[in-house]
2 protein chains.
Amino acid sequence: MSILVVGSVAFDDVTSPSGSVANILGGAATYFALAASYFAPVRVVAVVGEDFGPKEEDVFRKHGIDTRGIERAQGKTFRWGGSYSDNLNEAKTTFTDLNVFETFQPRIPKEYEDTEFLFLANIQPTLQADVRRIMNEVRLTGCDTMNYWINRTPKELAVTLKLVDVLLINDTEAKMLAHETNLPRAANKVLAMGPRALVIKHGEYGATIFFREGAFGIGHHPFRAPALPIEEVKDPTGAGDSFAGGFMGYLASQKQVSREALKRALFYGGVMGSFAVERFGTERLQCLTRDEIDARFQVFRELTHLD
Amino acid sequence: MSILVVGSVAFDDVTSPSGSVANILGGAATYFALAASYFAPVRVVAVVGEDFGPKEEDVFRKHGIDTRGIERAQGKTFRWGGSYSDNLNEAKTTFTDLNVFETFQPRIPKEYEDTEFLFLANIQPTLQADVRRIMNEVRLTGCDTMNYWINRTPKELAVTLKLVDVLLINDTEAKMLAHETNLPRAANKVLAMGPRALVIKHGEYGATIFFREGAFGIGHHPFRAPALPIEEVKDPTGAGDSFAGGFMGYLASQKQVSREALKRALFYGGVMGSFAVERFGTERLQCLTRDEIDARFQVFRELTHLD
């Protein structure tokens with residue numbers, strides 16, 4: 001089944017202990033779309049400027065990603081610069097030029113309205129809610145957000161959270177959203193805000209999925225997937241969006257969104273995140289094969305499963 | 001097979017968001033011995049003062065722990081005070097009165113010399129090395145250490161590390177010991193210092209075991225065990241020693257120290273750590289049953305294993 005992602009397409013400058021790159025294709029929707037494209041047909045709604053050319057478009061096209069929803073606006077594409085020190089868990093933003101992204105109003109092409117899976121990447125919560133309302137036939141909605149919206153637009157975010165099925169955020173965001181430092185208690189509070197499942201990403205320690213009682217099956221036990229211990233993390237940018245792409249992509253490839261499918265999806269999320277950080281930008285995500293992905297899924301299994 | 005633990009027995013004052021307790025039985029050897037006692041016969045070498053009475057001794061005796069190696073010295077038992085704020089991962093030490101522990105010289109009773117498994121809890125590295133040399137018939141030696149020794153006595157610690165099989169430390173300690181911020185690279189550097197396996201504990205995110213190439217079997221893939229998401233961590237004191245007790249205890253209960261046994265041991269370590277933090281001090285460790293332990297092992301399995 002197909003997936004629609006709504007979010008940013010950007011040009012990034014990144015510096016990490018492994019080097020520097022400038023003007024590379026990035027943005028949440030880009031990472032998500034590439035990661036998900038190995039599992040299911042992907043459609044993108046985003047906005048780009050006049051500096052987004054055939055070379056960038058080809059990155060999407062080569063993966064069969066439908067770009068009819070990428071709007072061309074007058075001006076420049078969103079640009080972001082960030083640097084990572086030895087602590088690769090956190091980016092220091094060096095600049096943010098929103099450019100055409102500042103006035104982004106997602107427009108859903110008519111042809112996209114039958115999409116079964118929706119992912120609302122990190123954009124203003126009211127825009128997320130608007131898209132979700134237009135896509136009212138969707139089978140499952142995944143959603144990301146960030147500290148900025150949790151702090152600045154809590155009421156708008158509360159509305160959005162009631163409209164989504166799975167929220168994917170990190171530890172800090174979950175604790176901030178719930179006003180609670182204990183992780184399982186924070187998870188329960190967030191689940192009470194709307195989503196039926198909550199994926200909390202722990203960076204190099206993997207991710208945990210918490211279920212609302214009875215959602216997607218029986219019980220409310222959480223489930224944990226590992227991250228791969230990686231000797232050289234070149235560029236952590238986009239790891240979370242690649243995780244979401246693997247997670248949603250795998251779900252869209254399954255007949256049923258069961259608990260077992262969600263658990264496997266959590267593993268595939270980790271797998272795609274682990275590939276993303278091996279090279280700068282989307283480089284690694286552009287040249288994968290499904291065999292490589294499944295081989296790494298097997299490594300993740302061996303990393304955690306007893307005989 | 002039997003296990004000998006050499007380390008501290010103490011009286012602790014602890015304050016956490018869940019409350020305060022004073023003068024409760026603690027110390028690394030105590031937590032370790034109680035946790036391990038559910039799996040194998042345990043022997044203890046430690047020193048206590050005149051304030052250590054029959055009530056404290058009974059805690060060990062009730063679990064069949066051999067206390068002939070607990071030396072009574074003139075003076076007071078080691079006392080430690082610590083407090084935890086909302087961030088339960090780190091204790092703030094409020095006082096440390098070493099008392100009789102200051103001049104601790106481990107003496108191994110003759111009857112202990114046939115012990116098969118040895119755990120060197122966190123004491124001065126040269127004392128650890130001395131014990132290891134006396135116990136030269138031992139099948140497997142586990143070892144703990146801490147930032148204090150890593151910084152103050154690196155040469156002495158380097159000697160000890162060459163004499164042990166499994167080192168159990170946390171992320172910060174591993175990175176400090178290796179002078180390396182990347183976890184798998186730090187692990188490789190520590191393994192090059194001597195131990196054949198390295199357990200790195202990640203607090204609420206579980207633990208990873210790294211193997212030296214070819215040690216305990218084929219390959220050098222690491223393995224990860226989860227920690228249980230716990231809604232009320234009452235007192236994290238002793239979680240690491242309880243982890244070590246479950247880990248070493250399970251190994252001592254097995255015919256062979258294979259990779260598969262080490263992986264299961266990592267799960268049992270997490271299980272015993274998760275029990276320890278549920279109540280203050282050793283309270284929870286004192287009243288467990290093997291059935292409860294195995295039921296929680298099953299929960300850990302369900303938390304991480306795909307169908």
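**Close-up 1. Where chain B meets chain A.** In this predicted model, the contact draws 30 residues from chain B and 30 residues from chain A. On the chain B side, look for α7 (183-191), β13 (223-225), α9 (259-276) and α11 (290-304), each of which supplies at least two of the residues that touch chain A. What is the make-up by class of the side of chain B that touches chain A? That side has 11 nonpolar, 11 charged and 8 polar residues.

**Close-up 2. Helix α1 of chain A, mostly covered.** Here we zoom in on residues 28-36 of chain A, the stretch that forms α1. Buried or exposed? For this helix, 9 of its 9 residues are buried. Going along α1(A), the buried residues are A28(A), A29(A), T30(A), Y31(A), F32(A), A33(A), L34(A), A35(A) and A36(A).

**Close-up 3. An open sheet in chain B.** Now over to four strands of chain B, which line up in the order β3-β2-β6-β7. The pairing in this sheet is mixed. Which strands sit at the edges? They are β3 (19-26) and β7 (92-97) of chain B, and each pairs on one side only. From one strand to the next, the twist averages 15 degrees.

**Close-up 4. Strands β2 and β6 of chain B, side by side in the sheet order.** As a reminder, strands of a sheet pair through backbone hydrogen bonds, either parallel or antiparallel. In chain B, β2 (residues 10-16) and β6 (residues 78-83) go for the parallel sense, with 6 bridges between them. To pick out one bridge pair, find D12(B): its partner in β6(B) is W80(B).

Technical notes:
Residues numbered from 1 in each chain as written. Chains lettered and ligands numbered in written order. Predicted model: local features only at pLDDT ≥ 70, side-chain atom pairs only at ≥ 80, totals over all residues. Contact = placed C-beta atoms within 7 Å. Nonpolar A, V, L, I, M, F, W, Y, C, P; charged D, E, K, R; others polar. Buried ≥ 20, exposed ≤ 12 C-beta atoms within 10 Å, placed from the backbone. Pairing = 2+ DSSP bridges. Axes fitted to C-alpha atoms, helices over the stretch in contact; angles between N-to-C directions.
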